[in-house]
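The coordinates are shown first.

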Amino acid sequence: MGIGIVILAAGRSERFGQDKRCLPLNNKDSVLLATIRAAKASGLSCYVVLHPGDHELMHQCQQDGVETGICPDARLGIGHSIAFGVRANQHWQGWIIARGNMPWVQPVTYQQLAASLFDHPCIRPVDGDGHPGFPTAFRREFGWNLMQLHGHRTEVRLMPSCSDIDLVVNDPAISRVIRTPKDLCPLHQITNDTQPPAFSQAAI
């Protein structure tokens, strides 16, 4: 079953104040590169969605062996980026929709989502308390609806409200979204004063 990961990295980081995709996350990787490498480590195909003007970043991604594309309407909202990424990979049998500002998601989480698509048309990861996170996963029958997304409509709106779509994973990173400089700290440095952000539909 050909399932791949669409990494959404076409945001402008306006709330962050600078391009967080390129900020160093550790001694060698930027936020986006760490996200890409974790996704690649799953063994699944990856495709990164960028915004106009990202030609240097596109070159860097391609050097890392990842296909990329420039979404011309990225400025209009995350829905356009999702639709663009799915449309560019219509040959896949399923899509895992990932955020480029969630670098700590474990490779095994991507693998579990892909495996679950054999039995379910769409899946979202949840923690042990049932709190949902990202990335999400969709089988081919959702392709048309995914390609119709636009504006700030995310793929989450396509998911039914039932527990059948929940996949319990042992991965606290499914709810860790980098929105502020404080969020750049590694998972093991989280304290009571640095809590993981709540589930959100915000993209990078």
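Strands and helices here are DSSP runs (E, at least two residues, for strands; H or I, at least four, for helices), numbered from the N terminus. Two strands pair if DSSP finds at least two bridges between them.

## Basis of the model

This is a predicted model, in which local features need pLDDT of at least 70 and side-chain atom pairs count only at pLDDT 80 or more, while totals for chains, interfaces and linings use all residues. Residues are numbered from 1 along each chain as its sequence is written, and side-chain values use heavy atoms, with hydrogens and water left out.

## Overall composition

The chain has five helices and seven strands. Along the sequence, the pattern is β-α-β-α-β-α-β-α-β-β-α-β. Of the 204 residues in the chain, 53% are buried, where buried means under 20% relative accessible area, exposed over 50%, and partly exposed in between (1.4 Å probe, protein chains only).

The chain exposes about 9,500 Å², and carbon and sulfur atoms supply 49% of that area. Accessible areas come from the Shrake-Rupley method with a 1.4 Å probe; for residues, only the protein chains shown count as cover. Among contacts (heavy atoms within 4.5 Å) between residues at least 6 apart in sequence, 66% join residues at least 24 apart.

E1 is mostly covered, with six of its six residues buried. Ile-3, Ile-5 and Ile-7 point one way from the strand, whereas Gly-4, Val-6 and Leu-8 point the other way.

E1 runs parallel to E4, to which six bridges join it. E1 also pairs with E2 in the parallel sense, over five bridges. Ile-5 takes part in both pairings: its bridge partner in E4 is Ile-96, and in E2 it stands opposite Cys-46.

## Helices on the sheet

H3 (residues 78-87) is mostly covered, with eight of its ten residues buried. These are Ile-78, Gly-79, Ser-81, Ile-82, Ala-83, Phe-84, Gly-85 and Val-86. They pack against strand E1 (3-8), strand E2 (45-50), strand E3 (67-70), strand E4 (94-99) and helix H5 (143-147).

Strand E5 (residues 122-126) and strand E6 (residues 136-139) run antiparallel and are joined by two bridges. Ile-123 has Ala-137 of E6 as its bridge partner.

Rings of Phe, Tyr and Trp (its six-membered ring) pair if their centres lie within 6.5 Å; planes under 30 degrees apart count as stacked, over 60 as edge-to-face and the rest as tilted. By this rule there is one aromatic pair. The ring centres of Phe-138 and Phe-142 are 5.2 Å apart and the planes are at 65 degrees, so the pair is edge-to-face. Both Phe-138 and Phe-142 are buried. Elsewhere, the charged end of Arg-99 sits over the ring of Phe-134, 3.9 Å from its centre; the criterion is NZ of Lys or CZ of Arg within 6 Å of the ring centre and within 35 degrees of the ring normal.

## Two buried loop residues

Leu-25 lies in the loop between E1 and H1 and counts as buried at 13% relative accessibility. Not counting residues up to four places away in sequence, Leu-25 touches Ser-30, Val-31, Ala-34, Pro-103, Trp-104, Ile-178 and Leu-184. Leu-25 and Pro-103 are 78 residues apart in sequence and 8.6 Å apart in space, C-alpha to C-alpha.

Ser-42 is in the loop between H1 and E2. Ser-42 is buried, with a relative accessible area of 8%. With residues up to four places away in sequence not counted, Ser-42 touches Ile-5, Pro-107, Tyr-110 and Gln-111.
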